[in-house]
Amino acid sequence: MNLAERIKNARLNKHYTQKDLAELINVKSTTVSGWELGRNEPSIDTLKKLATKLDVSFDYLAGVSSHPDASTSDADLDKLLDNAHSYNGKPMTDHDREIIKSYLKGYFQSKE
């Protein structure tokens, strides 16, 4: 599921119209429509607002987690880092991945 689909599903689960959601986060309804059609994407700050107003986790909207109410798990972080590369295109070592996962877990936990 892509970002557009996650936003739309979360909105529909709250029984909001695009106009309702737009008013809640102070944007135009055409902006919400554009997100749901995949024409554009909200900023990180707007994703945070969306997550709060739609009562889903930021991780879910950002595609880190596949469950709307889930916090970031090791499996989700592994999936996120599957195709990641270190500086200059060199593959990451397992040690590099563990360090990055620990930073990300700390970051996401501080946002909950």
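## Helix crossing

Helix 2 crosses helix 4 in a right-handed sense, meaning that the near helix is turned clockwise from the far one by less than a right angle. Helices here are DSSP runs (H or I, at least four residues), numbered from the N terminus. The pair, residues 18-25 and residues 44-54, packs at an angle of about 115 degrees with axes 10 Å apart; axes are lines fitted to C-alpha atoms over the stretch in contact, and angles run from 0 to 180 degrees between N-to-C directions.

Leu-21, Leu-24 and Ile-25 of helix 2 meet Thr-46, Lys-49, Leu-50, Lys-53 and Leu-54 of helix 4, where contact means heavy atoms within 4.5 Å.

## Basis of the values

The model is predicted: local features need pLDDT of at least 70, side-chain atom pairs count only at pLDDT 80 or more, and totals for chains, interfaces and linings use all residues. Residues are numbered from 1 along each chain as its sequence is written, and side-chain values use heavy atoms, with hydrogens and water left out.

## Leu-50

Leu-50 of helix 4 is buried, with a relative accessible area of 0% (buried is under 20%, exposed over 50%, with a 1.4 Å probe and protein chains only). Beyond four places in sequence, Leu-50 touches residues including Ile-7, Trp-35 and Leu-61.

Leu-21, Ala-22 and Ile-25 are the buried residues of helix 2. They lie on the same side of helix 2 because they cover an arc of only 100 degrees around the axis, taken from the directions from the axis to the C-beta atoms. The face turned away from this buried side carries exposed Lys-19 and Glu-23.

Key:
Helix = DSSP H or I, 4+ residues; strand = E, 2+ residues; numbered from the N terminus.
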